[in-house]
Amino acid sequence: MPRNLFSRYIWIIDTIRQHGSISRQTLDDLWRRAEVADGEPLARRTFYNYRIAIQDIFKINIECNPATYEYYIDDGGDEHLESVTDLMLSSASITNALTDVRDISHRIFVEDVPSARLHLAAVITSIKESKPLRFTYAPYTRTNPTTGVVVEPYFLKLFRQRWYVTGRNVRDNAIKTYALDRMSDVELSTDSFTIPSDFDAETYFADSFGIIFSQGEAKRVRLRTDPRQAKYFRALPLHSSQQEMVHDTYSVFSYQLKLTPDFVQELLSYGPKITVLDPPELKAMITESLNQTLKNYQQ
């Protein structure tokens, strides 16, 4: 088995996805020029075996269109499946790249994501099997942890290198969000639950910046930025609703968002690089926070 077999799987997936659909001839031509090929041809039998392995490992189906004889990835048009696949491929690529790094480990610095290592598998099982979770929760806002929390998990969300699970808190009969790294004593219940037919995970956080949900109305937010900060926002948008108006010496970015505390904190982190133009209540929230910060230093 070649050492870079995993890299070959990922190369095939990425290449087909980039083209949308691709003929066997084009794939062969690209393969011969690819570093992962190691000078070996992509034989028909080899390609067949790789397709089977990709399906087994990544749950990705590479299909052939009988009308055009072109290969494509069948994801059913599910955008969520595509985003999860991206995350999975990225993680696999990183794992593959870091396989032999012990001799240079002192020169590689990574962020710890304890939530993924500790409880992600249990929460995924809970969601797949529709089984409630019981756990102890220790939020930063309380001194003592809460024991015996029972939640019917509706969906998972990754935000800022932390995993969160959102679902119905059985005791409070309310939808709440929990950080996986603040959970302990996680157990899977033997009971079952059903997600209400009127609940839509897509729209639940649609107008939110991060993981804080608000019943408030979404507002049209306008931010003025200098040209340099505008480049960062273009590369990594704050929200899917982002739009930009480019001017000679600045840009104005607009969003449709709820004014949640995590969004306010995000804007404050940019300091003088941005200026809130609208709405007035957001300007007031930013100004109040800046005044309070200044007062702390003056005292």
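Let's settle a term before using it: contact means heavy atoms within 4.5 Å. Helices (H or I, at least four residues) and strands (E, at least two) are DSSP runs, numbered from the N terminus. What you have here is a predicted model, where local features need pLDDT of at least 70 and side-chain atom pairs count only at pLDDT 80 or more, while totals for chains, interfaces and linings use all residues. Residues are numbered from 1 along each chain as its sequence is written, and side-chain values use heavy atoms, with hydrogens and water left out.

Start with the four-stranded sheet. Strands of a sheet pair through backbone hydrogen bonds, either parallel or antiparallel. For pairing, DSSP has to find at least two bridges between two strands. This sheet is open, with order β10-β11-β9-β12 and antiparallel pairing. β10 (243-246) and β12 sit at the edges with a single partner strand each, so one side of each has no neighbour in the sheet. On average, neighbouring strands are turned by 25 degrees against each other, direction ignored. Seven bridges hold the antiparallel pair of β9 (residues 219-225) and β11, and L223 has F253 in β11 as its bridge partner.

Two helices go with this sheet. Helix α8 (residues 227-235) lies across β9, β10, β11 and β12, running at about 40 degrees to β11. As for the angles, axes are lines fitted to C-alpha atoms (for helices, over the stretch in contact), and angles run from 0 to 180 degrees between N-to-C directions. α10 also packs on the sheet, touching β9 and β12, and its direction makes about 145 degrees with that of β12.

α10 has a helix partner too. The axes of α9 (residues 261-268) and α10 (residues 280-298) come within 10 Å and cross at roughly 65 degrees. On the α9 side the contact is made by F263, V264, L267 and L268, and on the α10 side by L282, M285, I286, S289 and L290. By class, that makes eight nonpolar residues, one polar and no charged. Here Ala, Val, Leu, Ile, Met, Phe, Trp, Tyr, Cys and Pro count as nonpolar, Asp, Glu, Lys and Arg as charged, and the others, Gly among them, as polar.

Which loop holds L259? L259 is in the one between β11 (251-257) and α9. Leaving aside neighbours within four places in sequence, L259 is in contact with K219, V221, P279, E281, L282 and M285.

Most residues other than glycine have a negative phi, and most peptide bonds are trans. The peptide bond from D278 to P279 is cis, with omega near 0 degrees. D38, in the loop between α2 (24-33) and α3 (44-58), has a positive phi of about 55 degrees although it is not a glycine.

On to the five-stranded sheet, which is open and antiparallel, in the order β7-β6-β5-β4-β8. β7 and β8 (183-188) are at its edges, each with a single partner strand, so one side of each is left without a neighbour in the sheet. The twist from one strand to the next averages 45 degrees. Helix α6 (residues 120-129) packs on this sheet, touching β4 (133-137), β5, β6 and β8, with its direction at about 85 degrees to that of β5.

Follow R168 across the strands. β5 and β6 run antiparallel and are joined by eight bridges, with E152 opposite R168 in β6. Six bridges join β6 to β7, also antiparallel, and there R168 stands opposite I175 in β7. β6 and β7 form a hairpin with four residues between them, and N173 in the turn has a positive phi of about 50 degrees.Last stop: the second largest pocket, with a volume of about 740 Å³. On a 1 Å grid over the protein atoms alone, a pocket is an open set of points where a 1.4 Å probe fits, with protein on both sides within 12 Å along at least five of seven lines, and lining residues have an atom within 4 Å of a point. Points are joined across faces, edges and corners, and the volume is the space filled by probe spheres set on them. Of the 29 lining residues, Y137, P139, K176, T177 and Y178 are the closest to the centre. β5 (146-159) gives the largest share, six residues.
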